Amino acid sequence: MKEFEEREKGCFLLAFDEKTPYQYKLADQVLGDNGDHSVTFETKTEDWTIRKTYFIDGNSYDIKLKLDFKPGSRAKELSPRIFVPGPFLSNLVGESLEGLVSDVDQITINNVSSAQEDDFGWKLPAIFGVQDKYFLHSYHGSDNSEFIKRCFFKRMGPSGLTSIFEGQKIKEASSVTLSFYMGPKSINAINAVDTRLSGVLYFGWFSGVGRLLVRLLEWLFDVFGNFGWAILILVLLVKLLFLPFSLYAGWRGAMYRRFESRHGGELQSIMLRYKDDMIKRAEALKRLHDEYGVSQGWKVMGMWPQLARLPDRK
């Protein structure tokens, strides 16, 4: 039992209800000039010949797994399951793995809670996998959309999480190709494989701006080859973009501060006179501002340069 649990941690383990073969031999290997590779492994049981072919894209983090099943004369049906463990980096202490899923009719990708891991299974998912803070291992398609009938998660020890794909029963000669993204949570790398996977990147309310800035940061890194310089240049570009508004806001803020210094007594008098009547106080303040040609909005604009420099405290 312990030996099987250790083998479950292996990537792309193909298991069956009975007599799971663990020993495969190299059957074929093709090394492409552009970095694309394919490697085929084969095993034979009493009833079946099974081939696993890995197609590795040299220019992306896309891996395709092709499964070929060829029955013998007395072959019994197979119930295949494919195990794909989540990313694991031993040096990242405290990093937790989290499941993710998106059904065919859903646009967004939903994170899976630890409670759902034990109690839920998902039928015919469009996207299914495991992520940590930096990396993603996810299924994102197949040439036979009906092959995977159910998916679920399994915890492997205190920190491991594995995606398990339960396939349709195999009764005759057949093949299926499954596509997986196995790489960093980089927006350019993800979009090169499947744009739907970019849903794992969360940018909060300013999602559109956040994605644009991340793509710009990665482009700067490709140009300069150093994230330090890329971040510095990105900050300078953002500051240059907001410089006209910052200068304008600072000028208007200075005008309002001069107004307050010259007419502070009148402002204070209105506040005391109408301290119990917010409507009349607002009307009186508006008349005073209109009389001297200033706007209360200038006071808020004057705070912009300070707000823009506030550190992000979490």
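Reader: Does Glu166 count as buried or exposed, and at what relative accessibility?

Author: The model is predicted. A residue is called buried when its relative accessible area is under 20%. At 18% relative accessibility, Glu166 therefore counts as buried.

Reader: Which residue forms a salt bridge with Glu166?

Author: A salt bridge is read from the distance between a side-chain nitrogen of Lys or Arg and a carboxyl oxygen of Asp or Glu, which must lie within 4 Å. The partner of Glu166 is Arg150, and their closest N and O atoms are 3.1 Å apart. Glu166 belongs to strand S12 and Arg150 to strand S11 (residues 148-156), so the pair ties together parts that are 16 residues apart in sequence. Arg150 is partly exposed, with a relative accessible area of 32%. A network of salt bridges links Lys149, Arg150 and Glu166.

Reader: How many salt bridges are there by this rule?

Author: The count comes to nine. Among them is the pair of Glu77 and Lys169, whose closest N and O atoms are 3.9 Å apart. This pair links distant parts of the chain, 92 residues apart: Glu77 is in the loop between strand S5 (62-71) and strand S6 (81-85), and Lys169 in the loop between strand S12 (160-167) and strand S13 (174-184). Glu77 is partly exposed at 43% relative accessible area, and Lys169 is partly exposed at 42%. Another pair is Arg51 and Glu42, with the closest N and O atoms 2.7 Å apart. Here Arg51 counts as partly exposed at 32%, whereas Glu42 counts as buried at 12%.

Reader: What does Glu218 touch, leaving aside residues up to four places away in sequence?

Author: Contact means heavy atoms within 4.5 Å. Glu218 touches Ser186, Ile187 and Asn188. Its side chain reaches the backbone nitrogen of Ile187 at 3.4 Å. Glu218 lies in helix H4 and is buried, with a relative accessible area of 13%.

Reader: Which residues form a nonpolar patch on the surface?

Author: The patch consists of Trp219, Val223, Phe224, Trp229, Leu232 and Leu236, which together have about 650 Å² of accessible area. Helix H4 (207-224) and helix H5 (227-273) are the elements that give two or more residues to the nonpolar patch. Leu236, found in helix H5, is partly exposed, with a relative accessible area of 45%.

Reader: How many helices and strands are in the chain?

Author: The chain has eight helices and 13 strands. Of its 314 residues, 36% are buried. The chain exposes about 19,900 Å², of which carbon and sulfur atoms supply 56%.

Key
Residues numbered from 1 in each chain as written. Predicted model: local features only at pLDDT ≥ 70, side-chain atom pairs only at ≥ 80, totals over all residues. Heavy atoms only, no water. Patch = residues over 30% accessible without salt bridge, like charges linked within 9 Å, V, L, I, M, F, W, Y side chains within 5 Å. Areas by Shrake-Rupley, 256 points an atom, 1.4 Å probe, with all protein chains shown as cover. Helix = DSSP H or I, 4+ residues; strand = E, 2+ residues; numbered from the N terminus. Buried < 20%, exposed > 50% of the residue type's maximum accessible area, 1.4 Å probe, protein only. Polar contact = N/O pair within 3.5 Å; in protein donor to acceptor, adjacent residues only side chain to side chain.
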